[in-house]
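Okay, thanks everyone, let me get the model up on the screen.

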Amino acid sequence: MSAADISTLRRYLNEEIADGYAVYYDHERSITQFFDWYHARRTAGWPLLVAERDGEVAGFGTYGLFRPWSGFRPTVEHMLVVGREHRRLHVGSELLEALTTHARAEGRHSMIGVIDSEDDASLDMHTAMEFREVGRLPEIGRRDGVWRTHVLMQRIL
Ligand SMILES: CC(C)(COP(=O)(O)OP(=O)(O)OC[C@H]1O[C@@H](n2cnc3c(N)ncnc32)[C@H](O)[C@@H]1OP(=O)(O)O)[C@@H](O)C(=O)NCCC(=O)NCCS
C-alpha cells in the first residue's frame, strides 16, 4: 500500500475521532502516529485488511486480542472504519466478512465488537452480519464530557 493510501485511511480515522462514535481519542492522529500504528500492527502479525472502490482505498479493518492473556487467544476484538463517502456500499460488511474468514482460518473461535450504544450504523451492520448482543458496559468511557455506554456484540465463528 502506498503512503498516499495510508494517509487516506488516516483521514477516515480522524473523521471518526472528530465527530464519530467509534474511536475515542482526544486528538486526531498525526501522520507519524498513524504510520507507527499501521506498521506496529503489521509487525505484530495482526491482519490489517483494506477495501478498495474504483481504485481508491475505501476503508480498513483489523483485529487483535480481546484480552491479553493466553487463555483468551480464541477470541479477538475487531475494529473497522469506512470512509464517509463510501458508506452504504457494502464496504464495511465486506471487510467484516473478510476479518471473520481470516480469524476462522487462524483457528479463532469468536469475534467481539465493542460498539457505542448510539452507533446505529455499526449496531445494524453487526446484527446483519450474525453478531449478537451479549452484554452492555454502562459508562465505560467519556466523549466530549459525556459518559458513553458500549454494547458487546459477539459472533461465534
Ligand atoms: C459501521 C460502518 C463500518 C458500516 O460500513 P458500511 O460500509 O457503510 O456498511 P455496509 O454498506 O456494509 O452495510 C451493511 C448493512 O449494515 C446495515 N447498515 C449499515 N449502515 C447503516 C446505517 N447507517 N443505518 C442503518 N443500517 C445500516 C444495513 O443492514 C446494511 O445493509 P443494506 O445497506 O443492504 O441495508 C461505517 O458506518 C463506519 O465506518 N462507521 C464508523 C466506524 C464504526 O462505527 N466502526 C465499527 C466499530 S467496530
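So, by class, how many nonpolar, polar and charged residues does the shell around the ligand have? There are 11 nonpolar, 6 polar and 6 charged ones. For the classes, Ala, Val, Leu, Ile, Met, Phe, Trp, Tyr, Cys and Pro are nonpolar, Asp, Glu, Lys and Arg are charged, and the others, Gly among them, are polar.

Quick housekeeping. This is a predicted model, where local features need pLDDT of at least 70 and side-chain atom pairs count only at pLDDT 80 or more, while totals for chains, interfaces and linings use all residues. Residues are numbered from 1 along each chain as its sequence is written.

Back to the ligand. It's surrounded by 23 residues, and the closest are R87, G92, S93, A121 and M125. A residue gets into that shell if its C-beta atom, placed from the backbone, lies within 6 Å of the molecule. Which elements supply at least two shell residues each? Those are β3 (75-82), α3 (91-105), β4 (110-116) and α4 (120-128). The one that gives the most is α4, with 6 residues. When I say helix or strand, I mean DSSP runs numbered from the N terminus: H or I over at least four residues for helices, E over at least two for strands.

Pairing here needs at least two DSSP bridges between the strands. As a reminder, strands pair through backbone hydrogen bonds, either parallel or antiparallel.

Let me go pair by pair. β1 and β2 (residues 56-65) run antiparallel, joined by 6 bridges, and L48 has T62 of β2 as its bridge partner. That hairpin has 2 residues between its strands, and D54 takes a positive phi near 50° there. Moving along, β4 and β6 are antiparallel over 7 bridges, with I112 opposite Q154 in β6. Then β5 and β6, also antiparallel, are joined by 8 bridges, and G135 stands opposite L152 in β6.

What lies across the sheet? Contact is C-beta atoms, placed from the backbone, within 7 Å.

On to the core. The largest nonpolar core has 18 residues, and L80 and L95 touch the most other members. At least two residues each come from α1 (3-19), β2, β3 and α3, and α3 has the largest share, with 5. A core here is a set of buried Ala, Val, Leu, Ile, Met, Phe, Trp, Tyr and Cys residues joined through C-beta atoms within 7 Å. Buried means 20 or more other C-beta atoms within 10 Å of a residue's own, exposed means 12 or fewer, partly exposed is in between, and C-beta atoms are placed from the backbone. Leaving out residues up to four places away in sequence, L80 touches G59, F60, G61, G92, L95 and L96.

R88 isn't a glycine, yet it has a positive phi of about 60°. R88 sits in the loop between β3 and α3, and it's exposed, with 9 other C-beta atoms within 10 Å. L89 is in the loop between β3 and α3 as well, and with 14 C-beta neighbours inside 10 Å it counts as partly exposed. L89 and R53 are 36 residues apart in sequence but 9.5 Å apart in space, C-alpha to C-alpha.

And is D144 buried or exposed? Exposed, with 8 C-beta neighbours inside 10 Å. The hairpin of β5 and β6 has 2 residues between the strands, and D144 in that turn has a positive phi of about 50°.

Technical notes. Two residues are in contact if their C-beta atoms, placed from the backbone, lie within 7 Å.
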